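Please look through the structure below together with the explanation that follows. The text takes one region at a time.

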Amino acid sequence: MSSETPFGACPVPFVDTDEILLGHGSGGKLTARLIEGLILPALRNPALDALDDQAIVSLDGEGGRLAFTTDSYVVTPIFFPGGDIGELAVNGTINDLAMGGARPRFLSLAFILEEGLPLADLTRIIESVRRAALRAEVAVVTGDTKVVGRGSGDKIFINTSGIGVVPPGIELSSRRVAPGDAVLLSGTVGDHGIAIMSRREGLELDGPIESDTAPLHELVASALRAYPDIHAMRDPTRGGVAATLVEIATRRRLGIEIDETAIPVKDTVRGACEILGLDPLLVANEGKLVAFVPEQGSEPVLGALRSHPLGQGACRIGTVTARHPGFVTVRTSIGGERILDLPYGESLPRIC
Amino acid sequence: MCLGIPGEIMAVREESGMTFGKVKFGGITREVCLSCIPDAAVGEFVLVHVGFAIAKVDRVEAARAYETLEELGLLAELSDDVPERAVHRPAPEASGPTENGPREVP
Amino acid sequence: MKYVDEYRDRGVAAGLVKRIAASVTRPWVLMEVCGGQTHSIVRYGIDRMLPAGIELVHGPGCPVCVTSLETIDRAHAIAESKDVIFTSFGDMLRVPGSQHDLLTLRSRGADVRVVYAPLDAVRIAQDNPGKKVVFFGIGFETTAPANAMAVKTAKRLGVGNFSMLVSHVLVPPAMAAILEAPGNRVQGFLGPGHVCAVMGYRDYEALAERYHVPIVITGFEPVDLLDGIHLAVRQLEAGRADVENQYVRTVVRDGNQLARDLVSEVFEVVDRKWRGIGTIAQSGYRLRDEFREHDAESVFAVEAIETSESSQCISGLILRGVKKPGDCSAFGKQCTPRSPLGATMVSAEGACAAYYQYGRYLRADERPRENDVV
């Protein structure tokens with residue numbers, strides 16, 4: 001592509017350096033080389049290849065409404081069991097679209113790189129972005145790269161914005177959550193947060209505990225096919241399932257009652273939580289969803305979730321109620337009761 | 001701070017004159033100092049606090065005490081009339097073996 | 001998890017609750033000593049499962065909460081010193097001193113690090129020979145063996161740049177202080193299970209006899225706590241005042257001899273000031289003379305500390321079981337985990353923090369009740 005100049009191929013080899021320099025963010029030759037040598041070959045598609053200031057894409061034939069979201073990723077460490085910040089940045093934004101019932105189509109990808117970041121690391125992350133995008137059939141159509149001086153960032157921060165299309169007739173919103181709705185969870189909780197902690201704290205784990213980062217749009221689509229009138233969905237990331245439930249209860253002035261014994265947790269995650277004094281309900285997930293479904297839809301939705309590889313551990317964890325509006329109560333494993341509240345501290349900072 | 005969790009000893013080794021072990025807590029294994037557990041052996045359970053084993057779990061006593069608790073639970077399901085429970089251990093006594101036989105101090 | 005899951009069994013818990021209800025004929029006030037026990041009670045909703053006559057008041061068993069303000073300020077002064085790596089358990093980071101807390105100091109450039117085990121701090125010292133590495137050695141008797149081992153190891157391996165700021169506190173003198181205080185309402189105790197795993201429970205026999213209070217050495221899981229409450233109530237109903245061991249799987253009367261020997265080799269008993277309570281005679285540990293080179297109080301000459309405590313904070317009364325968090329005018333308003341006025345709100349085991357986390361900051365009329373309807 002860039003070798004088609006009247007003056008012959010650029011004689012200077014791409015890789016002058018093995019780490020990110022300030023110059024890579026200046027918009028000059030180094031930036032061009034980074035984009036054309038590293039980013040473009042990995043993510044190519046017609047919109048991106050044009051390298052215009054904007055991507056103009058067509059949603060022809062899809063009808064429906066546009067879903068639009070943005071998210072930034074500052075997780076540390078950037079490489080962790082089960083994934084890395086690149087994969088997280090793609091799946092996380094896809095999931096925000098998917099929770100609205102959207103089919104994700106296009107992503108933007110913006111990097112803020114710290115001077116000194118090894119190019120090998122960036123290459124690895126871009127490859128993860130490529131694979132994740134391919135898996136989910138989304139295209140990265142526009143992007144940006146900035147570089148900040150050593151110490152002014154932390155290796156790499158990523159922002160992704162995403163566009164998707166919501167088919168007609170699908171209406172997923174917290175506004176629709178109502179008393180009597182079943183609260184469903186698609187699988188085990190705490191995997192992502194504990195995978196991060198294990199890397200940070202150097203915990204030795206028996207079985208591999210990996211981040212559950214995954215794109216959930218197909219899982220959502222399959223659930224909606226089984227029962228289109230699902231009221232709402234959320235992916236419980238920072239703050240875990242607790243944050244999701246408390247947010248819904250507070251915003252909608254409804255009560256939610258859950259049963260602690262119904263929450264699926266992997267043994268390793270439970271052990272780690274015991275040692276670290278963490279409540280699995282408060283630990284981040286990156287490949288799970290919570291669904292609020294009218295009672296009569298709970299069986300078909302559970303069936304659909306369980307038939308999908310990403311939803312095999314799906315179960316019902318509780319019910320929405322008109323009682324105690326604004327509060328989430330937990331029936332404890334011994335039959336007592338406590339109130340579930342938002343985590344107020346940074347029990348797990350920079351988790352996603 | 002008194003966070004103490006029971007775990008199973010999976011391996012024991014000596015290093016710089018101290019005894020260390022790999023202790024497993026339901027699927028996660030951590031390094032623990034076993035220097036205060038005499039004859040620490042693989043398969044035994046210890047109570048760990050801040051990376052340090054402070055006591056051995058007495059499996060016999062645990063089983064015995066729990067059996068009584070379980071009966072209590074079962075009986076509570078059947079009726080409201082729950083019989084008196086045997087006392088675990090007697091109040092302090094001068095010295096010598098307890099009524100349950102001589103005990104080894106962990 | 002073995003020796004954990006079965007002590008969270010619903011059926012067994014229900015049986016114990018029924019048993020307690022069946023044996024109560026009068027109201028009783030019990031105190032659980034350990035912060036970990038308080039946390040468990042609130043987290044599992046145990047106090048709300050008990051019959052109305054049983055009142056649980058929370059004790060001073062939160063070492064973070066009772067570390068004196070002078071010691072905290074001293075720790076902060078050391079952390080701010082040049083070429084110091086200050087290490088501590090996570091709980092201490094946000095405990096407010098007279099001016100700030102360790103987390104704030106860290107954000108201003110102090111090298112403050114969280115460790116999970118005291119021996120890790122010794123390793124940090126070995127890895128950083130050019131720095132003075134200090135470990136904040138707080139805790140009850142439970143933590144003393146680990147701290148003793150760290151100091152002993154540092155001395156044996158010649159890790160001259162390692163020192164410990166010691167602020168150990170002992171339970172039996174604190175219980176005596178509570179029982180001696182005028183207006184004490186506590187009639188029976190759930191004794192500290194892990195402290196006794198180390199020290200045994202002989203020291204509590206004198207207390208039980210002198211003050212005629214039953215002391216049931218209790219574990220931390222919900223079934224343990226309910227079992228302990230059951231045994232305490234049974235004693236109270238019968239007019240007995242014995243030391244009884246509920247936590248038989250972990251505690252024996254003489255404790256862990258190896259651990260006790262290690263502790264007495266490294267530490268000696270001294271008077272100690274408890275935050276919110278005052279000085280209690282012979283209620284703390286300090287390092288023995290032969291370990292003085294590893295004693296941070298000797299290594300760092302810190303000028304006279306002038307402390308200032310929030311006037312609104314009633315931590316002291318809470319630690320003594322005289323008041324509950326809800327009795328404090330600042331609870332849930334000016335004082336929250338995000339902006340704590342005192343240690344009982346900062347520490348995960350402090351009564352105020354436990355109450356707050358589990359929604360108890362809501363006024364009684366705001367709290368969810370069974371029959372609330374929108």
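**A walk through the model**

Helix α3(A) passes helix α4(A) in a right-handed crossing; a crossing is called right-handed if the near helix is turned clockwise from the far one by less than a right angle, and left-handed if anticlockwise. This is a predicted model, in which local features need pLDDT of at least 70 and side-chain atom pairs count only at pLDDT 80 or more, while totals for chains, interfaces and linings use all residues. Residues are numbered from 1 along each chain as its sequence is written, and chains are lettered from A and ligands numbered from 1 in the order in which they are written. Helices (H or I, at least four residues) and strands (E, at least two) are DSSP runs, numbered from the N terminus.

Two packed helices are described by the angle between their axes and the distance between the axes. For α3 (residues 85-98) and α4 (residues 119-136) of chain A, the angle is about 30 degrees and the axes are 7 Å apart. Axes are lines fitted to C-alpha atoms, for helices over the stretch in contact, and angles run from 0 to 180 degrees between N-to-C directions. The helices α3(A) and α4(A) are therefore roughly parallel to each other; angles under 35 degrees count as roughly parallel, over 145 as roughly antiparallel, 65 to 115 as roughly perpendicular and the rest as oblique. Among the residues of α3(A) that meet α4(A) are Ile85(A), Val90(A) and Ile94(A), and the α4(A) side includes Ile125(A), Val129(A) and Ala133(A). Contact here requires that the C-beta atoms of two residues, placed from the backbone, lie within 7 Å.

Elsewhere in chain A, the peptide bond from Thr76(A) to Pro77(A) is cis, with omega near 0 degrees. Pro77(A) belongs to the loop between β1 (65-73) and β2 (79-80) of chain A. How many of the 10 residues of helix α8 (residues 267-276) of chain A are buried? The number is 9, so α8(A) is largely enclosed by the rest of the structure. A residue is buried if 20 or more other C-beta atoms lie within 10 Å of its own, exposed if 12 or fewer, and partly exposed in between, with C-beta atoms placed from the backbone. The buried residues of α8(A) include Val269(A), Arg270(A), Glu274(A) and Leu276(A). After α8(A) comes Gly277(A), whose phi is positive, near 70 degrees.

Chain B has 1 helix and 5 strands, in the order β-β-β-β-β-α from the N terminus on. It has 106 residues, of which 44% count as buried. Among the contacts in chain B with a separation of 6 or more, 29% come from residues 24 or more positions apart.

Chain B also touches chain C: 41 residues of chain B are in contact with 54 residues of chain C. On the chain B side, β1 (4-15), β4 (45-49), β5 (52-56) and α1 (59-78) each supply at least two residues. Helix α1(B) gives the most to this side, with 11 residues.

In chain C, 5 strands form an open sheet in the order β2-β1-β7-β8-β9, with parallel pairing. Two strands pair if DSSP finds at least two bridges between them. At the edges stand β2 (54-61) and β9 (243-245) of chain C, each with a single partner strand, so one side of each is left without a neighbour in the sheet. The twist averages 25 degrees from one strand to the next. Helix α2 (residues 35-44) of chain C lies across β1 (28-34), β2, β7 and β8 of chain C and runs at about 120 degrees to β1(C).

Strands β7 (residues 188-192) and β8 (residues 215-218) of chain C pair in the parallel sense over 4 bridges. Within this pair, Gly191(C) has Ile217(C) as its bridge partner, and Pro192(C) has Thr218(C). In a regular strand the side chains alternate between the two faces of the sheet. Both faces of β8(C) are covered, with Ile215(C) and Ile217(C) buried on one side and Val216(C) and Thr218(C) buried on the other.

Strand β8(C) is also joined to β9(C), parallel to it, by 3 bridges, and Val216(C) has Glu244(C) as its bridge partner in β9(C). From β8(C) the chain crosses through helix α11 (residues 222-238) of chain C to β9(C), and this β-α-β crossover is left-handed. A crossover is right-handed if, with the strands pointing away from the viewer, the path from the first strand over the helix to the second runs clockwise.

The loop between α10 (202-211) and β8 of chain C holds His212(C). Its phi is near 50 degrees, a positive value in a residue other than glycine. His212(C) counts as exposed because 12 C-beta neighbours lie inside 10 Å.
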